[in-house]
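Take a look at the chain shown here.

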Amino acid sequence: MALRLRRVDLDLLPLLHALLRTRSVTATARELGISQPAVSKGLRRLRSTFEDDLIIARGRSAGITDRGSEILPVLSQVLSDLDQMLEPPRPFDPRMERLRIVIKTADYVSVLLAPRLAKLCAKEAPHTEMLFLEQTRASPDELERIDFFIAPRSMASAFGKRIEMAPLWQDEMVCIAARQDHRWGDVISERDFRGARKVVYQVGERSTYAKAGLIQPTSVLEDSPVCEVPNFLVIGAIVQDAECLALVPRKLAQELAKSRDIRILDIDYAQRRLDIDAFWAPRAGAKRGHAWFRTLLSRAAEGL
């Protein structure tokens, strides 16, 4: 192909396209704003390159050869593709363009963030589709297959060096107990929590991330649980009915308290802060519309 391209003056392709469409040197000159002698000179060079007359006289009218007929539709597509390729990048228009965003995270994040994102998209980006998937593994390979992984900041070490991230919101870990469970005051000690029956959030078997406190800063206190569940929302029901304690982010505890008969206790433990960030791979960040959606994430997270 490289050899064939060297034989063609690519600047003459728009001229060839006009000639094959108009079948007229005069009309082509008028359309392109150049002189008729310049068009005639270009046609001679094109005939030499393609070894074909391309356009021919037929009485008082003109036509195109079989070779010209073969070239025209291909050339039209090529010039259209080149024009699109060379067009200056235009800003993503969420009102008109379609976008599919895949977010992997825990249901804690989905409960807080998905309604806000859906509300914003309904007003500003009607063709945007969001797919929330359950958080499982945190790895560079996993990050390459999705648009965003939303997790505690401490999980950044699991993704390696080639990663981009943005802060979303801050939270803190609290303890929840059944409202009728009066064994505890407004604050529970680390010792009392360790000695109590407890339910914990855990996807699969107890991971090294949980043991190291990367999933949440208080996960190191969750030894010997009586129940492990793969989502946060069911924790409220278990705490309410089974006299268990649980450590959850405060913002989630407040949501659970709206539908469950539970109360919120502070835990006397220094490491309670939870920073929630969005992570993405450079490949995902280059996707059209990704930068716009990052701003939407930030807006949805405001006030959390």
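The expected span of a helix is 1.5 Å times one less than its number of residues. Keep that rule in mind for the first section. The model is predicted.

## Helix 6

Helix 6 covers residues 107–124, which makes 18 residues. From its first C-alpha to its last, helix 6 reaches 25 Å. That is close to the expected 26 Å.

Helix 6 also has a kink of about 40 degrees. The kink lies at leucine 113, shortly before proline 115. Several residues of helix 6 are buried, among them Asp107, Tyr108, Val109 and Ser110. Leu112, Leu113, Leu117, Leu120 and Cys121 are buried too.

## A nonpolar patch

Now turn to the surface. Val74, Val78, Leu82, Met85 and Leu86 form a nonpolar patch there. Together they have about 480 Å² of accessible area.

Leucine 82 is one of these residues. It is found in helix 5, residues 66–86. Is leucine 82 buried or exposed, or in between? Its relative accessibility is 34%, so leucine 82 counts as partly exposed. The range for that label runs between 20% and 50%.

## Aromatic pairs

How many aromatic pairs does the count come to? The count is seven. One of them joins tyrosine 108 and phenylalanine 232. Their rings sit edge-to-face, 6.0 Å centre to centre, with 70 degrees between the planes. This pair links distant parts of the chain, 124 residues apart. Tyrosine 108 is in helix 6. Phenylalanine 232 is in the loop between strand 9 (227–229) and helix 10 (233–242). Tyrosine 108 counts as buried because its relative accessibility is 3%. Phenylalanine 232 is buried as well, with a relative accessible area of 4%.

Phenylalanine 148 and tryptophan 280 form another edge-to-face pair. Here the centres are 5.8 Å apart, and the planes are 70 degrees apart. This pair also links distant parts of the chain, 132 residues apart. Phenylalanine 148 belongs to strand 5 (residues 148–152), and tryptophan 280 to strand 12 (residues 273–280). Phenylalanine 148 has 0% relative accessibility, so it counts as buried. Tryptophan 280 is buried at 5%.

## An aromatic cluster

Phenylalanine 148 and tryptophan 280 also belong to one aromatic cluster. Phe92, Trp292 and Phe293 are in that cluster with them.

Key. Residues numbered from 1 in each chain as written. Predicted model: local features only at pLDDT ≥ 70, side-chain atom pairs only at ≥ 80, totals over all residues. Heavy atoms only, no water. Helix = DSSP H or I, 4+ residues; strand = E, 2+ residues; numbered from the N terminus. Bend = angle between axes of the 7 residues up to and from the residue. Buried < 20%, exposed > 50% of the residue type's maximum accessible area, 1.4 Å probe, protein only. Patch = residues over 30% accessible without salt bridge, like charges linked within 9 Å, V, L, I, M, F, W, Y side chains within 5 Å. Areas by Shrake-Rupley, 256 points an atom, 1.4 Å probe, with all protein chains shown as cover. Salt bridge = Lys/Arg side-chain N within 4 Å of Asp/Glu carboxyl O. Phe/Tyr/Trp six-rings, centres within 6.5 Å; stacked < 30°, edge-to-face > 60°.
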